[in-house]
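User: I have a chain open here and want to go through how it is put together. Can you take me through it, starting with the terms?

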Amino acid sequence: MYMMLDGFIAFFGVYLIYCAVKMKRTGELVKGVMVRKDADLSKARDLQGYIGYMYAKTVAMGACTCVCGLVGIYNDTYGGLGMAYLGVVGVFFVAIVAFGYVTTKAQKKYLGI
């Protein structure tokens with residue numbers, strides 16, 4: 001069961017990276033991932049500024065998520081990581097909180113949400 005959850009976490013990390021690249025290439029945000037589904041982006045103050053500000057942060061969060069999922073899969077399969085795995089999960093938790101804070105702050109500044 002844990003391996004399936006860790007696989008989902010790793011997949012979501014790859015999906016975050018995909019959303020960041022798509023955001024950078026097309027100039028459109030993926031609703032439900034990068035912003036709320038009900039967000040009205042036609043009234044955004046500086047959409048390109050938001051994309052430029054969040055691109056690297058989203059790629060970094062996606063990579064962190066993917067690594068955490070893959071380390072979890074390794075731990076589920078082979079075991080033995082013990083406290084090192086708890087350290088990875090702790091860093092991942094801090095990264096999630098920091099990413100949420102930065103995202104909320106950027107949405108207020110650049111999108112007016």
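Analyst: Helices (H or I, at least four residues) and strands (E, at least two) are DSSP runs, numbered from the N terminus. Axes are lines fitted to C-alpha atoms, for helices over the stretch in contact, and angles run from 0 to 180 degrees between N-to-C directions. This is a predicted model, in which local features need pLDDT of at least 70, side-chain atom pairs count only at pLDDT 80 or more, and totals for chains, interfaces and linings use all residues. Residues are numbered from 1 along each chain as its sequence is written, and side-chain values use heavy atoms, with hydrogens and water left out.

User: OK. How many helices and strands are there in the protein chain?

Analyst: The chain has three helices and zero strands. Read from the N terminus, the order is α-α-α. Its C-alpha atoms fill a box of roughly 50 × 20 × 20 Å along the principal axes.

User: At what angle do the axes of H1 and H2 cross?

Analyst: Helix H1 (residues 2–26) and helix H2 (residues 47–78) cross at roughly 160°, and their axes come within 7 Å.

User: Switching to the core. Which residues in the largest nonpolar core touch the most other members?

Analyst: Met-23, Leu-29, Val-35, Tyr-50, Met-54 and Leu-111, out of 20 residues. H1, H2 and helix H3 (83–111) are the elements giving two or more residues to this core. A nonpolar core is a set of buried Ala, Val, Leu, Ile, Met, Phe, Trp, Tyr and Cys residues joined through side-chain atoms within 4.5 Å. Buried means under 20% relative accessible area, with exposed over 50% and partly exposed in between (1.4 Å probe, protein chains only).

User: What is Leu-29 in contact with?

Analyst: Beyond neighbours within four places in sequence, Leu-29 is in contact (heavy atoms within 4.5 Å) with Met-23, Met-34, Val-35, Leu-41, Leu-47, Tyr-50, Ile-51 and Leu-111.
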